[in-house]
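Dear colleague,

Please find below the structure that I promised to pass on to you.

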Amino acid sequence: MTENIQSTEFDPEFDSTWEEDDFSTGDYERVERAALRRVAGLSTELEDITEVEYRQLRLERVVLVGVWTEGTAADSDASMAELARLAETAGSEVLEGVVQRRDKPDAATYIGSGKVSELRDVVQSTGADTVICDGELSPGQLRQLEEKLKVKVIDRTALILDIFAQHARSKEGKAQVELAQLQYLMPRLRGWGETLSRQAGGRAGGGNGGVGLRGPGETKIETDRRRIRARIAKLRREIAAIGVIRETKRGRRTANEIPSIAIAGYTNAGKSSLLNALTGAGVLVEDALFATLDPTTRRAETPEGLAYTLTDTVGFVRHLPHQLVEAFRSTLEEVGQADLLVHVVDGSDAMPEKQVSAVREVISEINEKTGAAMPRELLVVNKIDAVGDLGLARLRHLFPDASFVSAHSGLGIEELRVRIAELMPRPEVVVEALVPYARGEVVARVHRDGEVLSEKHTESGTLLNARVRPDLAGVLEEFATNGTPA
């Protein structure tokens, strides 16, 4: 079994230079995650069970299957490579990959009956116990493939949901992931043998009916669906309540008129690394897809001392499951309501323009549902230390207005701070005030919450020419030297 979730940066058991007090939040989480490795040898063979099948995704040796319907061969290869990375992040070993060229996926078996026979031979020869399809399978396709291949079959959506379930840490994150999983499971519920019709209802005395089976006729699978619907309703209420708390915190920042900046981007583009580089947040950084799910907000300052907040959001991916978009809607709203969107792009990726398109597509979908406008965007191309001069020249041609940084080495971070300060919304009221020396707290507040254009110390007090927000302009009105604030 490939242990690719294990930390590669340090091992506290063998590195005596690490003290417990030196650990950040991300360090603790990385150690804990490395301790929860997948166990090899767990069987995932299909077998008849007496209850509805609630199987955990225990991926081990997998074969990948894709259908190439559009785009170039390079696009198809990139999609399969990303699926392989997703599978490895979930804790499995990729053995083989198969791609079928079709106008559209087969309605019955996704890849067609002939390719299914070829795939069955591949599964048997490699000893794989799981097949992962690069797309969302219908319940019928899932059933047909499992019956013909005799191994567990999952799709891209189920794989991403499994990764989210592993990495969710907060109460809100766990509730959002569970909601998405239940929404995915509902149309795919199925039982085995007689479990589908244990209550005969009106067919008393005949078929499977008889004493003890007369009643409303509710089957076992209907009971499970009813319970899942009740659980979904409860989770929606919990997420809505958490959303109220999030909205309250956001409202406080808005009342204080603190500019908010959201960091968004493709998964593993380096959003958390960039947050750490800009604020020293110490959140988890790992070379894995969807390593961090819970949004983190930290305070930062421009070079002039103007305060603002930076929020690291969940990563995006091509064909992000719509269940996740709906479940994480309250979290993703942070992007739509930000004053500035810092869009992080992985410069080492073979097709960074595809990443940009995928992220913008999901953000547009969220904004359409919430009615929010697309915030001002600053493209930040990360990991430039991992590309050569030719690759960097190509990136500068693709994204001429972007900032180019390396969050790992710190290259370009100071220039990015200046760029953020330039694009942030500025206070709109210009005032000139003579503040007495006895009111030093007012001068300090102007420096903290406004933009000081000039400052001069006179016999009567501090003469300030500053750009401030309306609330602070009201405080300075009694000291104004040019009448009312302009």
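In what follows, contact means that heavy atoms lie within 4.5 Å, and helices are DSSP runs of H or I with at least four residues, numbered from the N terminus. Please keep in mind that this is a predicted model, in which local features need pLDDT of at least 70 and side-chain atom pairs count only at pLDDT 80 or more, while totals for chains, interfaces and linings use all residues. Residues are numbered from 1 along each chain as its sequence is written, and side-chain values use heavy atoms, with hydrogens and water left out.

I begin with helix H8 (residues 271-279), where Leu 274, Ala 277 and Leu 278 meet Ile 413, Leu 416, Arg 417 and Ile 420 of H13. By class, this contact of H8 with H13 has six nonpolar, no polar and one charged residues, where Ala, Val, Leu, Ile, Met, Phe, Trp, Tyr, Cys and Pro count as nonpolar, Asp, Glu, Lys and Arg as charged, and the others, Gly among them, as polar. H8 packs with helix H13 (residues 413-423) at an angle of about 85°, with the axes 10 Å apart; axes are lines fitted to C-alpha atoms, for helices over the stretch in contact, and angles run from 0 to 180 degrees between N-to-C directions. H8 and H13 are therefore roughly perpendicular to each other, given that angles under 35 degrees count as roughly parallel, over 145 as roughly antiparallel, 65 to 115 as roughly perpendicular and the rest as oblique.

Helix H2 (residues 73-89) and helix H5 (residues 156-167) pack at about 40°, their axes being 9 Å apart, which makes H2 oblique to H5. On the H2 side the contact includes Ser 79, Glu 82 and Leu 83, and on the H5 side it includes Arg 156, Leu 159 and Ile 160. By class, the contact of H2 with H5 has six nonpolar, four polar and two charged residues.

For helix H3 (residues 113-126) and helix H4 (residues 139-149), the axes come within 10 Å and cross at roughly 50°, and the two helices are therefore oblique to each other. Their contact is made by Val 116, Leu 119 and Arg 120 of H3 together with Leu 145, Lys 148 and Leu 149 of H4.

Lastly, Arg 101 lies over the face of Trp 68, at 4.4 Å from the ring centre, where a charge sits over a ring if NZ of Lys or CZ of Arg is within 6 Å of the ring centre and within 35 degrees of the ring normal. Arg 396 lies over the face of Phe 404, at 4.5 Å from the ring centre.
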